[in-house]
Amino acid sequence: MAVGGENGILQNGAGNHHIRRIPLSYDSTNSEESALELVLTIRPDWADAASNKVEFVRFTDGITNTLLKAVNKRPGLSKEEVDKEAILLRAYGNGTDVIIDRFRETQNHELLMRHGLAPELLARFENGMMYRFIQGSPTQPEDLRKPVIYKAVAQRLAQWHAVVPCIKGRTGHSRKNSRADGPVTLDSNLGDAEFQNVIDNVAPGKPPPNVWTVMQKWIFALPTETEAQRARQAELQKELTSLVLQLSQRPGLGVNGLVFAHCDLLSGNVIVLPKTSQSVTNGDKATETVTFIDYEYATPSPAAFDIANHFAEWGGFDCDFSVLPTRTQRREFIVEYIRAYFAYLDEEKPGASAGVDQKAEIEQLLTEVDHFRGVPGFYWGIWALIQATISTIDFDYASYAETRLGEYYAWKNEVTGTRQKGGEEMPLRERRWAQEE
């Protein structure tokens, strides 16, 4: 398996590690009892204390899955010692297999484990997985805007992009909402092999899966029961085709312009590690070190998309456009990222960055992130339209979809000159993006 250089494409899986599969499910209507049964399957030694020592802490930062932290508060153990043994149980959101390739998620986790970038994956169960708890503090959106944090994020993201290889394979999908015997949809007349081929080849020359193939499968999975829904699907398909033509062949880091990307770097997925776990990386003066969790959306992607997607999360789920990074902040992030990226390349393959003009790379990536700034809104807008029909989580996905798609159309109107020609005021998000300081 090639792991060095600029993200060689693997033809095989992530490895031969055996991950235990437990034939049980988490039941949200019987949360603690079902969670305890799962945890005791991998930690039977906790059974003696199960009645009064094993506790569950529910995390509420995400809007896709249920996340529980299981701890065994045995007498005499400090909080740090308890956390060292803690287990995270993540149960998948209702119907999310139509959005997320769960086999690929496990493969991603194993791959990152081998590079020291993910906690140990302990087991999979019917509708989720369990892995070791990472001691640290999840960030909040306001933390992402602190230089000490965003420089640390830039370093860690550069490591992902420089070191972790992309794995070639089919784009996992579900045709649940693409029935030939149901309403006419974009893919109704496609056979299974042709359907797969359309998804995997949406961006010519880009090995699947990638962020473009993911968006294609999501568009195919959109609800199509009403005429309005079918019209929306057709509209978004047209926009994806346009985006692929505009952006998929642009220059970028990695092989084929793709890097192993997280694609969901919201604040809850950025963990600040304890000071005792930190180390100075490549001479950096930052005083924080971060790691990333939740790899269900990780897929090969242009680095510019992964970075633009992270920047969009500075405003949190409230989509506060007034706090998105200014050009100066984006430059600071990208300067740190480029320095770390080529340092990690040299660690993998000494001399790999010889002759690279890092100043030119910084300017190029700044430009590319500008080009991709509207794509995260399109990506998450489609996702939220699907979630609005399948999720049981208390979140207004329909409104969120319109807000995120609004970001995309605001960007489109800006770059095409439509907004200027119409004499309309520049929207807040675009004003903030253009702001220098």
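Q: How many residues of helix α9 are buried?
A: Buried means under 20% relative accessible area, exposed over 50%, and partly exposed in between, with a 1.4 Å probe and protein chains only. Helix α9 (residues 303-312) is mostly covered, with 10 of its 10 residues buried. Among them are Phe305, Asp306, Ile307, His310 and Phe311. Helices (H or I, at least four residues) and strands (E, at least two) are DSSP runs, numbered from the N terminus.

Q: What kind of model is this?
A: This is a predicted model: local features need pLDDT of at least 70, side-chain atom pairs count only at pLDDT 80 or more, and totals for chains, interfaces and linings use all residues. Residues are numbered from 1 along each chain as its sequence is written, and side-chain values use heavy atoms, leaving out hydrogens and water.

Q: Why is strand β5 largely enclosed?
A: In strand β5 (residues 121-125), 5 of the 5 residues are buried, so the rest of the structure largely encloses it.

Q: Which strands pair with β5, and in what sense?
A: In a regular strand the side chains alternate between the two faces of the sheet. Two strands pair if DSSP finds at least two bridges between them. Strand β1 (residues 20-22) pairs with β5 in the parallel sense over 3 bridges. Here Arg20 has Ala123 of β5 as its bridge partner. Strand β6 (residues 128-132) pairs with β5 in the antiparallel sense over 4 bridges. Phe125 is bridged to Gly128 in β6. A hairpin of 2 residues joins β5 to β6.

Q: How do helices α7 and α8 cross?
A: Two packed helices are described by the angle between their axes and the distance between the axes. Axes are lines fitted to C-alpha atoms, for helices over the stretch in contact, and angles run from 0 to 180 degrees between N-to-C directions. The axes of α7 (residues 211-220) and α8 (residues 227-247) come within 10 Å and cross at roughly 170°. Angles under 35 degrees count as roughly parallel, over 145 as roughly antiparallel, 65 to 115 as roughly perpendicular and the rest as oblique. The two helices α7 and α8 are therefore roughly antiparallel.

Q: Which residues of α7 and α8 meet?
A: Contact means heavy atoms within 4.5 Å. From α7, Trp212, Met215, Gln216, Ile219 and Phe220 take part. Their partners in α8 include Leu236, Leu240 and Leu247.

Q: Is Ser34 buried or exposed?
A: Ser34, in helix α1 (residues 31-42), is buried, with a relative accessible area of 7%. Its side chain reaches the backbone nitrogen of Asp27 at 3.0 Å.

Terms used:
A polar contact is a pair of N or O atoms within 3.5 Å; within protein, one must be able to donate a hydrogen and the other to accept it, and residues adjacent in sequence count only if both atoms are side-chain atoms.
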